[in-house]
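Subject: Structure handover

Hi,

Here is the structure for you to look at. My notes follow directly below it.

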Amino acid sequence: MSAQVLSGKTMSESLRLEIASRVTALKERGLTPGLAVILVGNDPASEIYVRNKGNGCTEVGMYSRTINMPAETTQEELEAAIEELNADSAIHGILVQLPLPKHLDEQAALAKILPEKDVDGFHLINAGHMLTGTEGVVACTPRGALHMIKSTGVNLSGKEAVVIGRSNIVGKPMAMLLLKENCTVAMCHSRTQNLAEHTRRADILVAAVGKAGFVTADMVKPGAIVIDVGINRVDGKVKGDVDYDAVKEVAGWITPVPGGVGKMTITMLLMNTVEAAERMLK
Ligand SMILES: Nc1nc(=O)c2c([nH]1)NC[C@@H]1CN(c3ccc(C(=O)N[C@@H](CCC(=O)O)C(=O)O)cc3)C=[N+]21
């Protein structure tokens, strides 16, 4: 039997309706949630994400601002732009699009964002909240992926979860969220030996590798929940990290690319922004 498809598009539609009504409620109290995105340089892929974010804001009635800075921007100029947004009462969420040009220090820049405006959840304060399981801003991609996993209705407690990829923005926070759901979590990466032996045990398999079609059908446990975080451009098309057509015949649930986790990432960015605005009224 073929896997059930977990549609980020369908899930986003209902979540965005909820976000839009929370935006309306805030506007009635005189506050319009605002998201600012800083884009340094002009990487064409980044421009697409930034455009999707802007469209998402419009869709739910939020204010959005994009700050385009040239590729030669200095660290001081970047940090000054962040400080300005920190002090701007029309802005509740700040996102500095990564990766930054090589001459810029990402960690130093992220550290300048006010943690309560850090809607990416990348500030060390929010990373620390993630590690300790305390209340903070949860990174958008792992938050969206967890929402999709929970939508299956499967009881996660005690289940085997395998995350492939150990980045600070996806793999590590994803593993922490699954641990909080009482999964037994393994983090696999490029140096992992016998990768398929790990992945074949997984009731929940999250692929965040950055290689098109990396997860093949023989690596997947029958009936597993397979979450594809990959966004790879192959011959002008967007492909995930999972060999979708083959894995679909083995898995119990699977996320498509596009229309899966990427869509949910934007939705959770909107959710984090409306929540940041709500906190300001409390
Ligand atoms: N500070 C920061 N925060 C991020 O969240 C961040 C970032 N930097 N740098 C780049 C990555 C990548 N990312 C995506 C967001 C949405 C889609 C998305 O909307 N994907 C759609 C469309 C795909 C397409 O056609 O391009 C989909 O999968 O259906 C993809 C990728 C956010 N990132």
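α1 passes α10 in a left-handed crossing (left-handed if the near helix is turned anticlockwise from the far one by less than a right angle, right-handed if clockwise). Before the rest, two points on the source. This is a predicted model, in which local features need pLDDT of at least 70 and side-chain atom pairs count only at pLDDT 80 or more, while totals for chains, interfaces and linings use all residues. Residues are numbered from 1 along each chain as its sequence is written. Helices (H or I, at least four residues) and strands (E, at least two) are DSSP runs, numbered from the N terminus.

Helix pairs

Back to that pair. Helix α1 (residues 8–28) packs on α10 at an angle of about 15°, with the axes 9 Å apart. Axes here are lines fitted to C-alpha atoms, for helices over the stretch in contact, and angles run from 0 to 180 degrees between N-to-C directions. That makes α1 roughly parallel to α10. The cut-offs: under 35 degrees is roughly parallel, over 145 roughly antiparallel, 65 to 115 roughly perpendicular, and the rest oblique. On the α1 side, the contact includes Met11, Leu15, Ile19 and Leu26. On the α10 side, it includes Met264, Leu270, Val274 and Ala277. A contact means C-beta atoms, placed from the backbone, within 7 Å. The residues of the contact of α1 with α10 divide into 11 nonpolar, 4 polar and 5 charged. For these classes, Ala, Val, Leu, Ile, Met, Phe, Trp, Tyr, Cys and Pro count as nonpolar, Asp, Glu, Lys and Arg as charged, and the others, Gly among them, as polar.

α10 (residues 261–281) also packs with α6 (residues 140–150). Their angle is about 110°, and their axes lie 8 Å apart. The two helices are therefore roughly perpendicular to each other. α6 passes α10 in a right-handed crossing. The contact is made by Cys140, Thr141, Arg143, Gly144, Ala145, His147 and Met148 of α6 and Val261, Met264, Thr265, Thr267, Met268, Leu269 and Asn272 of α10. By class, there are 7 nonpolar, 6 polar and 1 charged residues in the contact of α6 with α10.

α6 has another partner in α7. Their axes come within 9 Å and cross at roughly 40°. That makes α6 oblique to α7. The crossing of α6 and α7 is right-handed. Pro142, Ala145 and Leu146 of α6 meet Pro173, Met174 and Leu177 of α7. The contact of α6 with α7 has 6 nonpolar, no polar and no charged residues.

The six-stranded sheet

6 strands form an open sheet in the order β1-β11-β8-β7-β5-β6, with parallel pairing. Two strands pair if DSSP finds at least two bridges between them. β1 (4–5) and β6 (184–188) stand at the edges, each with a single partner strand, so one side of each is left without a neighbour in the sheet.

β7 (residues 204–207) and β8 (residues 225–228) pair in the parallel sense over 4 bridges. Leucine 205 has valine 226 in β8 as its bridge partner. β5 and β6 are also parallel, over 5 bridges. Isoleucine 164 stands opposite cysteine 188 in β6.

Helix α7 (residues 171–180) lies across β5 (160–164), β6 and β7, running at about 170° to β6. β5, α7 and β6 make a right-handed β-α-β unit (right-handed if, with the strands pointing away from the viewer, the path from the first strand over the helix to the second runs clockwise).

The three-stranded sheet

3 strands form an open sheet in the order β3-β2-β4, again with parallel pairing. β3 (63–69) and β4 (93–96) are the edge strands, each with a single partner strand, so one side of each is left without a neighbour in the sheet. The twist averages 15° from one strand to the next. 7 bridges join β2 (residues 34–40) to β3. Leucine 39 has asparagine 68 in β3 as its bridge partner. Helix α2 (residues 44–60) packs on the sheet, touching β2 and β3, and makes about 160° with the direction of β3. Helix α3 (residues 75–86) touches β2, β3 and β4, at about 165° to β3.

Backbone points to check on screen

- The peptide bond from leucine 98 to proline 99 is cis, with omega near -5°. Proline 99 is in the loop between β4 and α4 (106–112).
- The peptide bond from valine 257 to proline 258 is cis, with omega near -5°. Proline 258 is in the loop between β11 (253–254) and α10.
- Asparagine 182 has a positive phi of about 70° although it is not a glycine. Asparagine 182 is in the loop between α7 and β6.

Best wishes

Terms used. Contact = placed C-beta atoms within 7 Å.
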